[in-house]
Amino acid sequence: MTTEELPSAYGGMGLDDVLLKGEFALHTRGDLRLSRRLLDEAYREADRQGDGPRLARAALGLGGVWVHEHRAAAEAGVVRARQLHALSMIDPRSSLALRLRVRLCAEDDYRSGRHDRILEILAQVRGAGDPVALAEVLSLAHHCVLGPADGATRLELAEELIGQAAHTARRGDLSMGLMWRTADLLMAADPHAERSLTELRSVLAGGEHLAVGFVASAMEVMLSIRAGRFAQAESMAATCAERGDLAGDVDALGWYCEHLGTIRWYQGRIGELVEVISDLAHSPIHSAVDSTYLAALAVAAATAGEHRLAVHMLARVLGRDLSDLPHSSSWLLTMYCVVEAAYLLHDSEAAARAYTLLSPFADLPIISSLGVTCLGSVHYSLATSSLTVGDVDRAIDHFRKAIRANQALGHWPAAVLSRWRLGHVLARGQRSGHGEARRELARAEQEALSLGMVLPPEKDPPAEDAVAICTCRRRGRAWQIELQGRTVVVENRIGMRHLATLIANPGREIPATDLAVGAGPVAHDSFSSQPIMDAVAKRTFTDRLAQLEAEIDDSDSMNDLERATSLRRERDWLIDELTTTTGLKGRMREFTGSDERARVAVSKAVKRAISRIMEIDPVVGAHLVDTMETGQRCCYRPRLDRRGA
């Protein structure tokens with residue numbers, strides 16, 4: 001084999017032929033899959049030959065057309081090492097060296113959630129007189145500057161790339177420039193954004209670019225969802241994913257799930273996707289700066305009633321401070337999910353922080369990536385945040401603005417959802433009378449029906465004069481606690497009896513001694529020494545305990561594990577009751593005027609019960625921690641009492 005020949009897998013093609021075919025596949029056809037295969041082979045052969053310039057061309061092309069195409073750490077590490085090695089093999093003043101430095105700089109900036117260095121090197125490249133290098137840095141810089149505050153900068157970069165494409169003789173540069181410009185206009189809610197998409201489609205019709213065509217088809221799915229054509233959008237999303245896979249784009253699966261998740265959200269079926277989103281949230285195929293799937297999982301889990309998972313995922317996104325999230329192309333979508341999860345989980349602190357961070361972008365649409373999906377106006381999230389923290393007037397104002405903004409976008413599902421929540425807020429606050437609330441709700445229901453939407457059940461919070469009050473009821477051998485639509489079932493224990501009495505008498509102080517003997521809220525001076533459990537009750541308990549031991553032995557001998565487990569639970573409960581209510585040598589425990597003994601016993605029992613509730617549902621547990629007072633006198637004080645009711 002000569003120095004210009006490659007292995008037989010490429011039919012005896014020379015190194016230059018493989019390089020040219022790889023570069024053509026990348027820059028003209030946008031075929032990321034084929035270009036990677038060709039350029040990988042070219043790199044290996046150039047490295048074997050010690051050919052620095054050809055090595056650099058292959059290493060540069062392995063980066064692809066996007067930033068951060070290689071998501072897995074091992075794969076990204078290999079490509080970076082190859083690019084650094086190639087850089088060391090060529091003249092540092094050459095055009096290839098400049099282009100490699102641009103690529104390395106862009107990758108570093110993107111992973112760190114910044115763009116200052118790539119914009120600095122852009123200024124250097126503008127003076128280098130290399131049209132190809134300039135086109136590449138313009139596109140890569142655009143990919144690093146995707147935060148919601150950078151719209152004007154992005155549009156300038158896209159317009160410059162379109163102009164620069166006339167000097168590169170690479171058809172893909174024009175397609176990339178038009179694609180970036182279309183994404184910019186969509187993210188800015190420009191009323192002429194769809195004209196740009198039409199122009200992009202006409203250019204692609206003259207010569208297919210698979211990678212850009214995949215993005216264009218994703219935008220069209222988004223527009224179909226906006227129009228409320230869910231069945232059509234779902235079919236288009238599947239086709240779009242196939243196009244992405246054909247192009248070899250790593251985002252093919254992720255974008256399909258974004259499309260499907262948006263459709264299911266407006267269909268009221270997001271809870272069905274908990275398992276799918278969970279798998280994606282922990283997949284290495286996603287961008288290093290993307291937390292969307294963690295936040296979306298919090299929403300899906302909360303909707304499906306999986307509260308622990310929802311709380312866990314929201315806490316992961318919040319991190320030490322929500323402001324630490326990098327402002328990437330997915331930031332607005334992540335924040336939308338954070339706000340929705342906070343609303344569903346009654347997390348007013350997270351909602352308040354999200355409101356502050358989102359406020360500067362109130363007039364933007366919530367669009368992810370490069371126009372992949374849209375969830376309507378930021379005003380909707382600001383309204384939902386306001387609702388979560390209890391600012392009804394501000395919520396009404398933002399919901400009204402969201403309706404108008406969503407109508408301007410042509411996003412009918414988002415407009416309907418905004419109107420639906422506005423109607424409920426008006427009904428709660430009674431700010432504009434029930435007539436307006438009924439009209440908004442009726443219109444939202446009618447429009448939802450025409451779109452095939454399922455509106456979420458809106459659980460009205462208690463009125464301002466009765467905020468966040470628990471109920472507690474006995475359910476067989478267990479207790480059921482309810483708080484604003486949340487339900488917790490806890491096994492019977494002595495502390496639950498105390499909680500039930502306190503919750504049934506909100507705002508009323510009850511002596512610990514009364515709780516200890518199992519009395520209701522009776523006058524303290526009527527209290528007299530009495531046993532917690534009388535002799536008849538004790539004899540009944542011990543007889544049943546002996547019977548249970550025999551039945552457990554029978555079940556074990558018959559290998560009836562399910563029945564044995566159930567019997568053991570009842571036995572353990574009886575033992576707990578007897579232990580709690582009897583003293584030394586089995587004597588009946590009495591509280592003979594000892595306020596301190598009652599205080600200690602009741603406080604410990606209540607804290608144990610609340611800890612158990614906290615394990616099952618941290619939201620209900622936190623409410624009880626915040627509102628339950630124990631001591632010589634105990635009281636359940638809902639939030640209104642703490643404000644001076």
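A residue is called buried when its relative accessible area is under 20%, and exposed when that area is over 50%. Please keep in mind that this is a predicted model. With that cut-off in hand, take Trp66: its relative accessibility is 5%, so Trp66 counts as buried. Trp180 is buried too, with a relative accessible area of 0%.

The structure holds 6 aromatic pairs, and Trp66 with Trp180 is one of them, an edge-to-face arrangement with 5.9 Å from centre to centre and 90 degrees between the planes. Where in the chain do the partners of this pair lie? Trp66 is in the loop between helix 3 (52-61) and helix 4 (73-88), while Trp180 belongs to helix 9 (residues 171-187).

Another edge-to-face pair is made by Trp265 and Tyr336, with 6.5 Å between the centres and 85 degrees between the planes. Because Trp265 lies in helix 13 (residues 252-266) and Tyr336 in helix 17 (residues 331-345), this pair ties together parts that are 71 residues apart in sequence. Are these two residues buried or exposed? Both Trp265 and Tyr336 are buried. They also share one aromatic cluster with Tyr380 and Phe399.

A ring can have a charged neighbour as well. Look at Tyr355: the charged end of Arg394 sits over its ring, 3.6 Å from the ring centre.

Now step back to the whole protein. It has 29 helices and 8 strands, and 52% of its 645 residues count as buried. Of the contacts between residues at least 6 apart in sequence, 62% join residues at least 24 apart. The accessible surface comes to about 27900 Å², and carbon and sulfur atoms account for 52% of that surface.

Finally, turn to the strands. Strands of a sheet pair through backbone hydrogen bonds, in a parallel or an antiparallel way. Here, an open sheet of 3 strands runs in the order 3-4-5 with antiparallel pairing. Strand 3 (471-475) and strand 5 (486-491) are its edge strands, each pairing on one side only. On average, neighbouring strands of this sheet are turned by 25 degrees against each other, direction ignored. How many bridges join strand 4 to strand 5? There are 6 between strand 4 (residues 478-483) and strand 5, and the two run antiparallel.

Methods: Residues numbered from 1 in each chain as written. Predicted model: local features only at pLDDT ≥ 70, side-chain atom pairs only at ≥ 80, totals over all residues. Heavy atoms only, no water. Helix = DSSP H or I, 4+ residues; strand = E, 2+ residues; numbered from the N terminus. Buried < 20%, exposed > 50% of the residue type's maximum accessible area, 1.4 Å probe, protein only. Contact = heavy atoms within 4.5 Å. Areas by Shrake-Rupley, 256 points an atom, 1.4 Å probe, with all protein chains shown as cover. Phe/Tyr/Trp six-rings, centres within 6.5 Å; stacked < 30°, edge-to-face > 60°. Lys NZ or Arg CZ within 6 Å of the ring centre and 35° of its normal. Pairing = 2+ DSSP bridges. Axes fitted to C-alpha atoms, helices over the stretch in contact; angles between N-to-C directions.
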